[in-house]
Amino acid sequence: MSRIGKKPVPVPSGVTATINGRTIEVKGPKGQLSFVLNDLVLAEMTDAGIQVDPRNDSKPARSMWGMTRTMIQNLITGVSQGFERKLEITGVGYRAQMQGRNVQLALGFSHDVVYEVPEGIEVKCPKPTEILISGIDKQVVGQVAANIREYRGPEPYKGKGIRYAGEFIVRKEGKKK
């Protein structure tokens, strides 16, 4: 039994959720998102919110049960509050700045890296060593953060590169004489 899947997903005030067949559409103050349910799970509106149940007792159905409930919860959180990821840049001369809708990154290469921000995502650089990524879709926000981090991930010897805020980098000892 899924402990996560058993709980109904509460729908806060100001957010409307509709179930049309296998599609769940959620509208809120920040925007609108939709999700297509897997064939192995059922969702229905109740007084407590959206209740997700497996169609049968098979292993794949039980696997999709908790994941589907979490996906619906992420939709509701996204349209009501939104999601945010924070990246930190460490290294001499490493910096980021906004250039219209693009992020220009100086990461020690012979050229600056320009990252085009996708639609629906907002990126800010409050400091040259900090990047804030926000949006309503958790998957897209995380993917944009991972794409930017991929240009120069943190290296284990000096810790230079782009890292998530609060990420711990295991440092290695340098070579000895």
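**One side chain and its setting**

Tutor: The side chain of Q51 reaches the backbone oxygen of K6, at a distance of 3.2 Å. This is a polar contact, meaning a pair of N or O atoms within 3.5 Å; within protein, one must be able to donate a hydrogen and the other to accept it, and residues adjacent in sequence count only if both atoms are side-chain atoms. The model is predicted, so local features are taken only at pLDDT of at least 70 and side-chain atom pairs only at pLDDT 80 or more, while totals for chains, interfaces and linings use all residues. Numbering runs from 1 along each chain as its sequence is written, and side-chain values use heavy atoms, with hydrogens and water left out.

Q51 belongs to strand β5, residues 50-54. Strands (E, at least two residues) and helices (H or I, at least four) are DSSP runs numbered from the N terminus. With a relative accessible area of 15%, Q51 is buried; the term means under 20%, exposed means over 50%, and partly exposed lies in between (1.4 Å probe, protein chains only). Neighbours within four places in sequence aside, Q51 is in contact with G5, K6, K7, P8, L42, A43, E44 and T46, where contact means heavy atoms within 4.5 Å.

Q104 is found in strand β8, residues 102-106, and its relative accessible area of 15% makes Q104 buried. The side chain of Q104 joins that of Q99 through a polar contact of 3.1 Å. Beyond the neighbours within four places in sequence, Q104 is in contact with R95, A96, Q97, Q99, D112 and V113.

In strand β1 lies T18, which is partly exposed at a relative accessible area of 37%. Once neighbours within four places are set aside, T18 is in contact with T23, I24 and E25. From C-alpha to C-alpha, T18 and M45 are 8.1 Å apart in space, although 27 residues apart in sequence.

Charged pairs come next. The whole structure holds 7 salt bridges, each a side-chain nitrogen of Lys or Arg within 4 Å of a carboxyl oxygen of Asp or Glu. One of them links the side chains of D39 and R22, 3.1 Å from N to O. D39 lies in the loop between β3 and β4 (41-45) and R22 in the loop between β1 (16-20) and β2 (23-28), so this pair ties together parts that are 17 residues apart in sequence. D39 is partly exposed at 47% relative accessibility, and R22 is partly exposed at 40%.

Another salt bridge forms between E130 and K86, whose closest N and O atoms are 3.7 Å apart. Because E130 lies in strand β11 (residues 130-135) and K86 in strand β6 (residues 83-90), the pair ties together parts 44 residues apart in sequence. E130 counts as buried at 12% relative accessibility, whereas K86 counts as partly exposed at 31%. K127 also forms a salt bridge with E130, at 3.5 Å between the closest N and O atoms, and K127 is partly exposed at 46%. Through shared partners, K86, K127 and E130 are joined into one network.

Finally, consider the domains. The assignment gives domain 1 (16-81) and domain 2 (83-164), with bounds that come from an automatic or database domain assignment. The centres of the two domains, taken over C-alpha atoms, are 31 Å apart. Domain 1 contributes 8 residues to the contact and domain 2 contributes 4 residues. Interface size is often expressed as the accessible area lost when the parts come together. Between domain 1 and domain 2 about 460 Å² is buried, with carbon and sulfur atoms giving 70% of it; buried area is the accessible area (1.4 Å probe) that two parts lose on being put together, summed over both. On the side of domain 1, L33, N74 and G78 lose the most area to domain 2, together 67% of what that side buries.

Across this interface the rule finds 0 salt bridges, and 0 residue pairs are in polar contact between the domains (both at pLDDT 80 or more). On the side of domain 1 that touches domain 2, β3 (31-36) and α2 (59-80) each supply at least two residues.
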